[in-house]
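Open the model in your viewer and keep the sequence panel beside it. The tour below goes from one selection to the next and says what is there.

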Amino acid sequence: MRRAFAPLAIAGMLGGAVAEDKADILTVTAPYPPTIDRSEATVLRYELQVANRSDAPVVLVALEVADAAGRRLGALSGAAMASAEARDDDDTASPVLPPRGTTTLHIDLALGAQPPPAMLVHALRFAAPGPGAVPRQRVSQVAVDRAEPVAIGPPLRGGPWIAVHDPSWARGHRRMVYTEGGRARIPGRYAIDFVGVDLAGAITSGDPDRPADAIGYGAEVIAVADGTVTRVRDDMTEGGSIAAGGIHKTGEAAGNHIVLKMAERRYAFYEHLKPGSIAVRVGQRVRRGDVIGALGFTGDSTGPHLHFHVADAPTPLGGEGLPFTIDRFVRCGRYADLGSLGREPWQRETPQVITRRRPGGNVVVVFEKLSGPALSACSAAVRGQPAARKTSG
Ligand SMILES: [Zn+2]
């Protein structure tokens with residue numbers, strides 16, 4: 001299990017005089033601009049691509065981020081630097097770039113109460129491997145996309161649902177880079193996997209290996225906005241065993257899915273839908289709240305859930321993930337440790353109505369039922385009467 005990723009924390013100033021990278025050893029670019037995530041905190045999420053243009057290896061030592069006025073916003077060094085690189089093999093040692101090598105640093109920059117800056121200035125310090133090497137630094141600027149996240153309705157009704165996501169997971173949505181048409185993108189940068197759960201923390205009401213017994217299975221999936229259906233896949237079948245769910249080809253990982261165009265370069269993705277459940281066809285106009293399908297277990301999935309994300313292009317792997325906020329939901333609690341999912345209860349909290357935020361990582365939410373106030377829906381869930389359950393087997 002990976003150690004938790006500490007978001008960029010304000011650390012001590014990087015001390016000492018450092019030579020600039022006059023020989024252009026490193027190039028530092030952001031393939032996609034930083035975007036604003038309004039979740040429990042306001043965070044700029046983006047990736048820095050670092051290329052070593054020299055014929056010698058370099059060690060990435062530290063990164064400092066400031067705004068254009070020089071106000072310090074955060075810093076990474078040591079293990080946090082390694083963690084931002086998100087290698088599967090080793091996340092403790094400082095990143096080393098081989099000659100002509102490149103790497104990606106996944107940055108989640110917490111802004112606190114300050115407004116998002118227009119520009120980020122990165123000072124990346126690096127050195128030759130070994131003790132006594134003279135550090136150099138490469139300074140580069142990255143413009144921020146200060147557009148507010150798209151505001152949408154919920155993709156499901158009732159609950160409780162766990163909003164599963166964590167930017168630190170090396171193989172999680174936030175860090176999975178896909179190359180299509182020669183360009184690398186992160187479609188799931190802001191993706192959430194919604195998993196149905198009960199009060200005791202169970203995610204199944206029967207046989208844990210039977211998809212149809214999963215608590216969220218078959219729940220109605222609804223349109224998050226008015227829009228036009230631009231893509232549907234509904235030909236994938238589902239096995240009768242979760243353990244034997246298996247790995248699919250890259251093009252089939254999304255399973256049965258719907259892509260809903262909300263606006264130019266704004267598409268909502270619903271993945272792993274139940275076979276035979278898709279109630280819309282390509283070209284169909286839908287209204288927010290319309291039932292369009294049902295939660296299922298098709299494609300690559302460790303259990304029945306709804307994968308949801310927003311991206312700027314209509315294919316599952318061909319777009320860049322965009323931030324979104326859900327107009328209104330009730331936060332009922334959270335799973336502090338997702339490793340106990342299905343075995344231990346989630347931590348309950350005083351129900352809280354949240355507006356215009358993306359549900360926090362592994363937070364337990366209830367979406368307002370169309371017929372009743374959100375708060376009572378959550379209270380009912382907390383009392384032991386989940387507001388909405390599966391609609392069919
Ligand atoms: Zn997912």
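Start by selecting F308, which is buried, with a relative accessible area of 0%. Buried means under 20% relative accessible area, exposed over 50%, and partly exposed in between, using a 1.4 Å probe and protein chains only.

Before moving on, note that this is a predicted model, in which local features need pLDDT of at least 70, side-chain atom pairs count only at pLDDT 80 or more, and totals for chains, interfaces and linings use all residues. Residues are numbered from 1 along each chain as its sequence is written, and side-chain values use heavy atoms, with hydrogens and water left out.

**The aromatic pairs**

Y270 counts as buried at 0% relative accessibility. The ring centres of Y270 and F308 are 5.3 Å apart and the planes stand at 70 degrees, so this pair is edge-to-face. Rings of Phe, Tyr and Trp (its six-membered ring) pair if their centres lie within 6.5 Å; planes under 30 degrees apart count as stacked, over 60 as edge-to-face and the rest as tilted. Y270 is in strand β19 and F308 in strand β22, so the pair ties together parts that are 38 residues apart in sequence. Helices (H or I, at least four residues) and strands (E, at least two) are DSSP runs, numbered from the N terminus.

By the ring rule, the count comes to 3 aromatic pairs. For another of them, select F194 and F367, which are edge-to-face at 5.8 Å centre to centre, with 70 degrees between the planes. F194 is in strand β15 and F367 in strand β26, 173 residues apart. Both F194 and F367 are buried.

In soluble globular proteins, nonpolar side chains tend to be buried together.

**The zinc site**

Select the zinc ion next. Which residues coordinate the zinc ion? The donors are H173 (NE2), D193 (OD) and H307 (ND1), at 2.1 to 2.2 Å. Donors are N, O and S atoms within 2.8 Å of the metal (3.2 Å for Na, K and Ca); water is not among the atoms, so sites may look incomplete. Along the sequence, the donor residues are spaced H-x19-D-x113-H. H173 lies in the loop between β12 (158–164) and β13 (178–180) and D193 in strand β15 (residues 192–196), so these two tie together parts that are 20 residues apart in sequence. H173 is partly exposed, with a relative accessible area of 24%, whereas D193 is buried at 13%.

**Two threonines**

Go to T35, in strand β3 (residues 35–38). T35 counts as buried at 2% relative accessibility. The T35 side chain makes a polar contact with the side chain of Y190 (2.6 Å). A polar contact is a pair of N or O atoms within 3.5 Å; within protein, one must be able to donate a hydrogen and the other to accept it, and residues adjacent in sequence count only if both atoms are side-chain atoms. Leaving aside neighbours within four places in sequence, T35 is in contact (heavy atoms within 4.5 Å) with residues including V43, D145, Y190 and P323.

T298 sits in the loop between β21 and β22. Is T298 buried or exposed? T298 is buried, with a relative accessible area of 0%. The T298 side chain reaches the backbone nitrogen of N256 at 2.9 Å.

**An exposed arginine**

Finish at R287, in the loop between β20 (285–286) and β21 (291–294). R287 counts as exposed at 55% relative accessibility. Not counting residues up to four places away in sequence, R287 touches A223, A225 and D226.
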